Amino acid sequence: MIITVLFVIVTLILIAVSFSVSLKGFKRKDEAHEYDKYFVMITDNYKSDFWKAVYRGAAATASEKNIYVDLLGENFSIDYSTEELLKIATASKVDGIIVSANETVTMTKLINAAVNAGIPVVTLGGDNTKSDRLSYVSVGNYNIGREYAKQIINIIQERQAAKEAAKEAENAENKDAAAKEPAGIDTMQVTVLVNSDSDERDSGQSTQNIIFSAIQDSIAQEDITGTKLSISIKTVDNRNPFSAEESIRDIFHTEDIPDVIVCLNELNTICALQAVVDYNKVGDVNILGYYDSEPILNAIDIGVVYATISVNADQLGEYCITALSDYFENGNTSQYYTADISLINKDNVAEYIKKEGEQDE
């Protein structure tokens with residue numbers, strides 16, 4: 001065990017040294033242009049369409065400010081964890097770090113280590129409230145939870161309407177027999193997918209906890225009659241895409257398959273919609289997704305996904321660079337930046353699909 005740990009530490013040090021050497025020669029690589037600052041962005045899945053879009057927004061804004069920003073990890077031959085990449089960036093003495101954080105103690109220590117080394121850190125998407133991070137860039141998580149709650153209410157109302165229509169049809173066929181049947185109460189089970197690296201016990205203010213609380217609070221304010229609603233959490237092992245997929249598929253191996261699955265990131269949305277198709281549960285399980293990548297939009301269009309939250313990824317990237325550049329220019333910056341969100345469902349998905357096609361052209 002000790003040998004293994006030492007090997008990992010030595011490997012990270014060698015990568016950091018190598019990265020640092022390339023960083024020192026960064027200005028020499030492009031003699032036609034010298035950048036003032038070098039920032040790195042660290043995410044939990046640099047391959048996802050969502051994080052690529054956020055990075056594009058950051059790179060565009062950085063270019064205007066004569067700053068170069070790198071999506072750390074995509075040029076490495078090994079897929080390192082967020083924590084390992086954060087260690088590498090700190091040891092490499094970059095000018096600024098943008099990281100998709102979580103509320104674990106390990107993340108707190110790593111962010112503080114970077115700050116103590118003179119590197120300002122901006123948390124993106126996921127926060128670490130106990131750290132010395134400079135700013136937190138995200139979306140209005142409570143508003144996202146409220147929007148998910150609205151969609152859950154819509155699903156309940158649609159189910160009740162369908163049940164009422166079926167009952168009326170039955171009344172038309174056998175009026176006397178139908179009249180004797182009691183109304184009964186429907187049950188609906190909602191499962192919210194949360195990542196395993198978000199330590200809910202450590203902070204009640206974690207991103208996923210805020211969304212979950214908002215869903216509960218908003219539904220509690222509604223007068224739901226005729227339906228007994230149960231909301232639960234399912235922890236997803238998000239160490240890599242394969243473990244996340246397995247965690248979500250496990251849901252469909254149980255007897256109590258939820259009526260609604262709420263996904264709080266792009267990866268879980270993709271895995272959930274694929275599982276619903278593979279297990280022939282389209283129409284039985286409603287998916288509330290996150291982000292507007294092409295597969296998710298197409299899934300809404302054909303009825304596999306009920307609705308999704310569209311996040312202004314360009315704005316997220318822009319705000320990250322703004323937070324860091326303002327700090328270097330003025331010595332301070334805003335602690336919070338909030339990007340815009342919108343809802344995509346069957347009513348407006350065609351507009352987004354058309355827009356996606358125009359961008360590809």
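Residues are numbered from 1 along each chain as its sequence is written, and side-chain values use heavy atoms, leaving out hydrogens and water. In this predicted model local features need pLDDT of at least 70 and side-chain atom pairs count only at pLDDT 80 or more, while totals for chains, interfaces and linings use all residues.

Colleague: In what order do the 6 strands of the open sheet run?

Modeller: Strands are DSSP runs of E with at least two residues, helices are runs of H or I with at least four, and both are numbered from the N terminus. Two strands pair if DSSP finds at least two bridges between them. The pairing here is parallel, and β2 and β11 (336-339) are the edge strands, each pairing on one side only. The order is β2-β1-β3-β4-β5-β11.

Colleague: Which residue of β11 does V137 stand opposite?

Modeller: Strand β4 (residues 121-124) pairs with strand β5 (residues 135-139) in the parallel sense over 3 bridges, and L124 stands opposite V137 in β5. Strands β5 and β11 also run parallel, joined by 4 bridges. In β11, the residue opposite V137 is Y337.

Colleague: Which residues make up the covered face of β11?

Modeller: In a regular strand the side chains alternate between the two faces of the sheet. In β11 the uncovered face has Y336 and T338. The covered face has Y337 and A339.

Colleague: What angle does helix α4 make with β1?

Modeller: Axes are lines fitted to C-alpha atoms, for helices over the stretch in contact (heavy atoms within 4.5 Å), and angles run from 0 to 180 degrees between N-to-C directions. Helix α3 packs on the sheet, touching β1, β2 and β4, at about 165° to β2. Helix α4 (residues 82-91) lies across β1 and β3, and its angle to β1 is about 170°.

Colleague: How many residues apart are Y38 and Y68?

Modeller: Rings of Phe, Tyr and Trp (its six-membered ring) pair if their centres lie within 6.5 Å; planes under 30 degrees apart count as stacked, over 60 as edge-to-face and the rest as tilted. Of the 10 aromatic pairs in the structure, Y38 and Y68 form one that is stacked, at 5.8 Å centre to centre and 20° between the planes. Y38 is in strand β1 (residues 37-42) and Y68 in strand β2 (residues 67-71), with a separation of 30 residues.

Colleague: Is N102 buried or exposed?

Modeller: N102 is found in the loop between β3 (96-99) and α5 (105-116). Its side chain joins that of T104 in a polar contact of 2.5 Å (a pair of N or O atoms within 3.5 Å; within protein, one must be able to donate a hydrogen and the other to accept it, and residues adjacent in sequence count only if both atoms are side-chain atoms). Buried means under 20% relative accessible area, exposed over 50%, partly exposed in between (1.4 Å probe, protein chains only). Because N102 has 6% relative accessibility, N102 counts as buried.
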